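Here is a short note to read beside the model. Take the points in order, and find each element in the viewer as you go.

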Amino acid sequence: MRRVVITGIGVISPVGTGKEKFWQALINGKNAVKRCQKLDTSKYRTHMAAEVDDFQAEKYIDLKRLKHPTLTAQYAVAAVKMAIDDAGLEVREDNKIGVVLGANTADTWAAGEGVMYWHKTRNRYSSTSAEIYENLHANMHALRVAEYFGFKLCATTIPAACAVGNTVIAYAFDLIRSGSAEAVFAGGHDQMNTFVFGGFDKIKAMAPDCCRPFDKDRKGMVVGEGAGVLLMEDMESALRRKARIYGEIIGYGLSADGYSVAIPHPHGAGVIQATKMALKMAGINPEDVGYVNAHGTATIQNDRMEAKAIHAVYGKKVWVSSIKSMLGHCMGAASALEACASALVVERGVIPANINYTHPDPECDIKILANTAIKKKIDIVVSNSVAFGGNNAVIVMAKFRKERT
Amino acid sequence: MKQSKSRVVLTGLGICSPLGIGVVPYWNNFLSGVNVLKRITSFSTTEFGCRHAFQVNERDLINNTRDNTSQYVSRSNKLLLVSVRTALTDAKIKNPVGEDVAVLTALPHGNWNFMTDFHRKLVVCGPDGVDPMAFPSSLINYASSYISTAYQFKGPNITFASGIHAGVEAVNFAASLIRQGHVTTAVVSGVNVLLADIWAQWSLRNMLCSSLKKGSTGIFDARRNGFLIGENASTLILESAAVAERRKARVYAEVLGGALSFGKDRRDYAYAMETALHNSRRSYSDIDLCVLNSNGLKHMDSEEIAAFRSIFKEGASGVDCVAPKDNNGECEGASGILQALIGAKCISGRILPPFSSRKYNDPRAAGGIQMRYGSRTKTIKYVLINSFDVDGGNAALLLGRF
């Protein structure tokens, strides 16, 4: 089996676009949650969001080469471009490079408004452009990325709701480990949209002020947006081209709660199962883990469930934080951005904090890293993600060492 | 010989299709060339050239989903439920350990109508106009999650939305999960239902067949100018060979290997097929049957035949092929799973199905590959499945006799 390393990172996030801006914001505890600017939220209970405000597509990509480039599509293509540049990767014509992307909604939400619905209700489909419809498909962004950069292996789309990032990383990991791919761009992306904002507001999952994961006074999640992409590469290929290696992916775990499509399992059985699968694949024990990047949405149910799962596996020995406290919940981008952060943690030995944490919740009996980042030599990081539908995905990253026992 | 622990076999087949619900009625109708093409009545097609599709009979669907009438279960969910149920019954799997069962579903359009309606109501009526319970059921991964929840399957749950070839991608990943020992069993499905928006999109891209009035419905017919949509949910039960042997399960076929590629021409299709053969340690001369992707889109069909000929070279005209989309339609997310189901039935039943159900195919359009009418008995050891999307994704799969 081949080893899989991370050699490139692309980030578009509410705390900053670009890897370094993102990292500095994380270790300085920047809070990106503000009153929502991109949507009219006047009809909703809540009005806060974490929005990307510094993204300029033209800096990264030639928009003329993208057919009807929606913001979501721009996020996907630009994040991949950033990862390519970061890795110094040359895309040959006969490459075995793939792209595996996912989103919570991609642009399918847009089918509910605008021209498409207008034409549908009037049986006037034929008076509009096919390309508008074409762009609404969930798989269009992976296709656009593969076309734009000339990847020849695959353009795969896996919509795993909020667990997209870790799920696509798991799939990409297998493609490289089995020798099918030499490199895969894996990530997630979503733009701020009414469907997600309104939906979470309607089910009363949103906080009216800020995001306080694991805090006793937490009031819910805050919707965010963005894109995160990792360039995952066969270790031998990365070493041959003398690439900078952030870390190594050594295992993943996937599970379903099999409990409810809307409510997480109260004791986190699915997260425990996914974690055990990931640690077993990585060949490590819970005490080897130095940091858990939690899903930590700041909803009552998620945080209690996840804390129980973390406690069941690690006890109170491992540092835990949720960067959603700063970024909000960036939907399809959430766990991909968390994977980007985790790769930087293993490379740089600094753990970002869980901000807005003032009152510990006794029901969340875990070792939260509160409010201030710390320096710590980290060998292994675990990143959790949980999704609507009861889908759980956990990945394990390690500091890169050429010889690994 | 590889250890049975790392081998993956097909032990159950399920289907909910216009040609039948359950694999036995479906197979009989498929072999007989029954034509179930019907005019669409669920939405208006007056502005389009194509007005026909292969549709699952509504009464059959109602009869098979009487125990689930929830308003949050969409038509695609219902087809999926019926298909999974028939596959689990076929595999005779009783009380599996939930943690050992993965669920993978190819569903490129998700619960499209639910998502668009929820969003539309939010825009027009505001939050008071939407039902909160409808929100989770609108998400693309809902259908697959619904299966895990309904059966308490707790292994990995993954939705593939890559396009028409997503089903073969799902089979390949499911086999990988079993080979690595993460699970012993995988329920792998693909679903497609008729949706007005998607219909409009295909139509506006000039991909639907509008030549029916000229009497042309057959794939590779010289007058054919596009595909016909088919509703379908197909399911495969993949199991570790060791587990299947232990419970004395009937084995339809073995999953030997697969491959992916991206691109829209013959070299890209050929790469996926050749790599699937390579990964399975087989050569083109081993192949007894090829299940083609061809769906009536002239350019892409001819590229597939060119790819096929480039792999099989002078032996191409001697290899048997089947083009199941001729009387199933383009089943999009369900296509790859349906192709694999057909391949598995051919291997286990030692039967060579008709190339297609039409007798007016044009041999020149099919590039001289074998076009048989009527089925016959033949021992089939290896079946190559070729699946690709109109927008560039390709996947191939090799099945073998166990």
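1. Start with one term. Two residues are in contact if their C-beta atoms, placed from the backbone, lie within 7 Å. Keep in mind that this is a predicted model.

2. Now look at where the chains meet. On chain A, 62 residues are in contact with chain B, and 61 residues of chain B take part. Several elements of chain A give two or more residues to this side, among them helix 3 (114–121), helix 5 (140–149), helix 6 (164–177) and strand 9 (247–256). Which element gives the largest share? Helix 7 of chain A does, with six residues.

3. The side of chain A that touches chain B has 31 nonpolar residues. Another 22 are polar, and nine are charged.

4. Is strand 9 of chain A mostly covered or mostly open? It is mostly covered, with ten of its ten residues buried.

5. Strand 9 of chain A also has strand partners. Strand 1 (residues 4–13) of chain A pairs with it in the antiparallel sense, over three bridges. Find Val4(A), which stands opposite Ile249(A) of strand 9 of chain A. Strand 16 (residues 391–398) of chain A is joined to strand 9 of chain A by eight bridges, and these two also run antiparallel. There, Tyr252(A) has Ile395(A) of strand 16 of chain A as its bridge partner.

6. Move to chain B. The axes of helix 6 (residues 166–179) and helix 12 (residues 335–349) of chain B come within 5 Å and cross at roughly 65 degrees. Helix 6 of chain B is therefore roughly perpendicular to helix 12 of chain B, since angles of 65 to 115 degrees count that way.

7. Which residues make this contact? Helix 6 of chain B brings Ala166(B), Gly167(B), Val168(B) and Val171(B). Helix 12 of chain B brings Ser335(B), Gly336(B), Ile337(B) and Ala340(B). Five of the residues in this contact are nonpolar, three are polar and none is charged.

8. Finish with helix 12 of chain B itself. It has 15 residues and reaches 21 Å from first C-alpha to last, close to the 21 Å expected at 1.5 Å a residue. Helix 12 of chain B is mostly covered, as 13 of its 15 residues are buried. Just after helix 12 of chain B comes Arg350(B), with a positive phi of about 50 degrees.

How values were computed: Residues numbered from 1 in each chain as written. Chains lettered and ligands numbered in written order. Predicted model: local features only at pLDDT ≥ 70, side-chain atom pairs only at ≥ 80, totals over all residues. Helix = DSSP H or I, 4+ residues; strand = E, 2+ residues; numbered from the N terminus. Nonpolar A, V, L, I, M, F, W, Y, C, P; charged D, E, K, R; others polar. Buried ≥ 20, exposed ≤ 12 C-beta atoms within 10 Å, placed from the backbone. Pairing = 2+ DSSP bridges. Axes fitted to C-alpha atoms, helices over the stretch in contact; angles between N-to-C directions. Parallel < 35°, antiparallel > 145°, perpendicular 65-115°, else oblique. Expected span 1.5 Å × (residues − 1).
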